[in-house]
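These are my notebook entries on one structure. I set down what I looked up, topic by topic.

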Amino acid sequence: MAVANTFGDFGGDEQQDAHEFLSVLLSQLKEEWESLKRRGALDAHACPVESNFDFRLQVTRTCCRCGAQVFRTEVYSHLSLDIVPQGTLQDSLRQYFKPTQVECRCERCPGQQASVTMKLASLPRVLVIQLKRFSMDSSWNLRKLDNKVKISQELALNLHCVQNIKPPHEADRTAGDNIGPLDGLSEEEQIKLAIELSLKGSAPPPGSSLHHQEHPVPPWPEHDLWSLRQ
């Protein structure tokens with residue numbers, strides 16, 4: 001009901017997309033957590049979405065003529081993969097990280113083409129993968145794909161990571177130095193309490209605090225050497 005109150009499509013008993021629901025749920029949970037932090041209700045604890053699901057991709061654009069490069073980092077909570085006919089989940093992952101060519105303008109030379117590569121800059125504790133079961137045909141109609149996808153017990157990510165990749169967040173099993181009445185609550189109980197506080201619009205009792213660690217996002221470069229052609 002909490003999701004349906006904000007996104008009416010999930011109200012009622014009609015069938016909805018499970019991945020879309022998960023994305024909306026995680027987004028709403030993150031917004032609620034940030035709201036609680038601003039009101040001082042959770043002044044010292046990491047957002048469960050950021051610490052469990054969020055990860056960062058390093059995107060590199062390289063001029064095909066002079067080799068000039070521009071780096072940026074983007075935050076994701078899932079990967080949406082195309083299905084490779086008669087392929088495996090590993091094949092879909094490999095295709096996702098395959099370099100692509102884009103038409104753009106280089107600020108250092110007359111180059112008009114660039115290659116774009118993506119690498120994992122950090123790893124989540126839980127990696128959410130969506131297999132896209134619909135594609136567009138030549139008439140721009142949606143067509144559902146019934147291909148079987150082989151999923152092995154292990155998924156290799158080493159070829160798709162930067163050299164000094166940031167490991168997943170460790171499970172926060174303590175409440176840090178400022179222990180309060182919330183100490184001893186499980187992560188599930190803390191999330192439930194946060195939701196209740198959000199609905200009531202109140203803060204925990206005085207002295208209550210949860211441990212929080214900041215994980216800043218690397219800034220964009222001061223000068224972007226590329227401007228994509230509209």
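Is Thr-60 buried or exposed? I found Thr-60 buried, because its relative accessible area is 7%; buried means under 20%, exposed over 50% and partly exposed in between, with a 1.4 Å probe and protein chains only.

I note that this is a predicted model, in which local features need pLDDT of at least 70 and side-chain atom pairs count only at pLDDT 80 or more, while totals for chains, interfaces and linings use all residues. Residues are numbered from 1 along each chain as its sequence is written, and side-chain values use heavy atoms, with hydrogens and water left out.

I placed Thr-60 in strand β1, residues 55–63. Strands (E, at least two residues) and helices (H or I, at least four) are DSSP runs, numbered from the N terminus. I then listed the contacts of Thr-60 (heavy atoms within 4.5 Å). Neighbours within four places in sequence aside, they are Gln-69, Val-70, Phe-71, Ser-115, Val-116 and Thr-117. For Ser-115, 55 residues from Thr-60 along the chain, I read a C-alpha separation of 8.1 Å.

**Entry: nonpolar cores**

I looked up the cores, each a set of buried Ala, Val, Leu, Ile, Met, Phe, Trp, Tyr and Cys residues joined through side-chain atoms within 4.5 Å. The largest has 16 residues, and Leu-57, Leu-79, Leu-93, Phe-97 and Leu-120 have the most contacts inside it. Two or more residues of this core come from each of β1, β3 (79–82), α4 (89–96) and β5 (113–122). Apart from it I found another core, of 5 residues, including Leu-29, Trp-33, Cys-47 and Val-49.

For Leu-93 I again left aside neighbours within four places; its contacts are Leu-79, Leu-81, Leu-155, Ala-156, Leu-157 and His-160.

**Entry: aromatic pairs**

I counted 2 aromatic pairs. Rings of Phe, Tyr and Trp (its six-membered ring) pair if their centres lie within 6.5 Å; planes under 30 degrees apart are stacked, over 60 edge-to-face, and the rest tilted. Phe-55 and Tyr-76 are stacked, because their ring centres are 6.1 Å apart and their planes at 20 degrees. Phe-55 lies in β1 and Tyr-76 in β2 (residues 69–76), so the pair ties together parts 21 residues apart in sequence. I recorded Phe-55 as buried, at 0% relative accessibility, and Tyr-76 as partly exposed, at 23%.

The pair of Tyr-96 and Phe-97 is edge-to-face, with 5.2 Å centre to centre and 80 degrees between the planes. Phe-97 is buried, at 7%.

**Entry: salt bridges**

How many salt bridges are there? I count 5, taking a side-chain nitrogen of Lys or Arg within 4 Å of a carboxyl oxygen of Asp or Glu. I looked up Lys-132 and Asp-82, which meet at 3.0 Å, N to O. Lys-132 lies in β6 (residues 129–132) and Asp-82 in β3, so this pair ties together parts 50 residues apart in sequence. Lys-132 is partly exposed at 32%, and Asp-82 is partly exposed at 38%.

In another bridge, the closest N and O atoms of Asp-91 and Arg-94 are 2.8 Å apart. These two are 3 residues apart in helix α4, so about one helical turn separates them. For Arg-72 and Glu-74 I noted 2.6 Å between the closest N and O atoms.
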